[in-house]
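Colleague: I would like to learn how to read strand pairing, salt bridges and surface patches in a model of this kind. Could we go through them one after another?

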Amino acid sequence: MKPTFILIILIAFSSTLLAQKHETNITLGPLVSVPTYVLLNKQWKTGFGMEAMAQYNFTNRSVLLLQTSFASHGLKNAPGQHSGTKQNINIFSFRGGYKYVFGSSGWYVNGSAGPEYKTASNVEFSYLIGAGKRINLTEDYFVDAGVDYISGGTNVRLNFKALFSIWRNRKS
């Protein structure tokens, strides 16, 4: 059973694809948000959420992005605080950006920026840089799996995501 699983993974990561000029698609999927402060044992806990992205390929390698995401993080109890107190921080963001695809391999880098709203806070400007891989499932469906580094006016964090295509419009 293990060799079959490994073979499927290798085929998925080595598959070639060519994005078509003027192709438009929408993706949606889960994300795990890890504040870098977790590594330093600070207040925020790892968060979970969803991300949606609209993509327009204006060339075979250059893509315009419109992203929106929501993540919810728990907070650790401060020293002396009652352990039954539950606190969450919710983050909603909306960004525009650019993605560059490295040929037919499916590997990409992306960057975007825009406003981000954090619970009990003002709207702040944030930006992200990321990288990932598109994995074709069928001719019409794919998964964009990747990691984004997010910073700016908000807490620095890494988002690990898997976005599934829910709509794809190919133009000749």
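Predicted model: local features only at pLDDT ≥ 70, side-chain atom pairs only at ≥ 80, totals over all residues.

Colleague: How should I read the salt bridges, and how many does a search of the whole structure find?

Modeller: The general idea is that side chains of opposite charge can pair when their charged atoms come close. In this structure the search finds 8 salt bridges. One of them joins Glu23 and Arg168, with the closest N and O atoms 3.1 Å apart. Because Glu23 lies in the loop between helix H1 (2–14) and strand E1 (24–35), while Arg168 belongs to strand E8 (residues 157–169), the pair ties together parts that are 145 residues apart in sequence.

Colleague: Are Glu23 and Arg168 buried or exposed?

Modeller: Glu23 and Arg168 are both buried. A further salt bridge is formed by Glu116 and Arg157, whose closest N and O atoms are 2.7 Å apart. This pair links distant parts of the chain, since Glu116 is in strand E5 (residues 107–118) and Arg157 is in strand E8, 41 residues away. Glu116 and Arg157 are likewise buried.

Colleague: What does the salt bridge between Asp148 and Lys161 tie together?

Modeller: Their side chains meet at 2.6 Å, N to O. Asp148 lies in strand E7 (residues 142–152) and Lys161 in strand E8, so this pair ties together parts 13 residues apart in sequence. Both residues are buried. Salt bridges can also share partners, and in that way Glu23, Arg168 and Arg170 are joined into one network.

Colleague: Which residues form the nonpolar patch on the surface?

Modeller: The patch consists of Leu66, Phe70, Phe92, Phe94, Tyr117 and Val123, which together have about 580 Å² of accessible area. Strand E3 (62–74) and strand E4 (88–101) each supply at least two of its residues. Take Phe92, which is placed in strand E4: its relative accessible area is 44%, so Phe92 counts as partly exposed.

Methods. Residues numbered from 1 in each chain as written. Heavy atoms only, no water. Salt bridge = Lys/Arg side-chain N within 4 Å of Asp/Glu carboxyl O. Helix = DSSP H or I, 4+ residues; strand = E, 2+ residues; numbered from the N terminus. Buried < 20%, exposed > 50% of the residue type's maximum accessible area, 1.4 Å probe, protein only. Patch = residues over 30% accessible without salt bridge, like charges linked within 9 Å, V, L, I, M, F, W, Y side chains within 5 Å. Areas by Shrake-Rupley, 256 points an atom, 1.4 Å probe, with all protein chains shown as cover.
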